[in-house]
Amino acid sequence: MMYHTAKLYSDMGKNVLIDGILVEREEIKPHDQQMLEILQDSPLDVVEVYCPPDICRQRSRCREDRFEAQSDEQSEWMAKDIRYSLKVDTSAHSPAECADIIIQKLFKQ
């Protein structure tokens, strides 16, 4: 439903950002292909929001709603061979800086 909703807004001329992980679990395979099919006639940029594994584990230890290896597990579930339009590194930039990079690179002309 999320991708269909994004397509609806995109068809209305809106820029849409989806915060999610393209995972390849058995129950939703092929997730990334489903997304591409739904949004095939819409402008689409896929951004990798990246953080080195050791920093992710450190951040997870500080949060009360995550366990230390959660990012490692999520990394294993991620679809492989995704073509990213842009990559931002949260270990090198603050959340606000990452958002600014995404906006500047993808939405400012």
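**Charged side chains and their partners**

User: Which residues does Glu-48 touch, leaving aside those up to four places away in sequence?

Analyst: Not counting residues up to four places away in sequence, Glu-48 touches Tyr-84, Leu-86, Lys-87 and Val-88, where contact means heavy atoms within 4.5 Å. This is a predicted model, so local features need pLDDT of at least 70 and side-chain atom pairs count only at pLDDT 80 or more, while totals for chains, interfaces and linings use all residues. Residues are numbered from 1 along each chain as its sequence is written, and side-chain values use heavy atoms, with hydrogens and water left out.

User: Why does Glu-48 have no salt bridge?

Analyst: A salt bridge needs a side-chain nitrogen of Lys or Arg within 4 Å of a carboxyl oxygen of Asp or Glu.

User: How many salt bridges does the whole structure have?

Analyst: A search finds two.

User: What makes Asp-11 and Lys-7 a salt bridge?

Analyst: Their N to O distance is 3.4 Å, so the pair passes the test. Both lie in helix 1 (residues 2-11), four residues apart, about one turn of the helix; helices are DSSP runs (H or I, at least four residues), numbered from the N terminus.

User: Why is Asp-11 called exposed?

Analyst: Exposed means over 50% relative accessible area, buried under 20%, and partly exposed in between (1.4 Å probe, protein chains only). Asp-11 has 52%, so it's exposed. Lys-7 has 22%, so it counts as partly exposed.

User: And what makes Arg-63 and Asp-65 a salt bridge?

Analyst: Their side chains meet at 3.1 Å, N to O, so they qualify too.

Note on methods
Helices (H or I, at least four residues) and strands (E, at least two) are DSSP runs, numbered from the N terminus.
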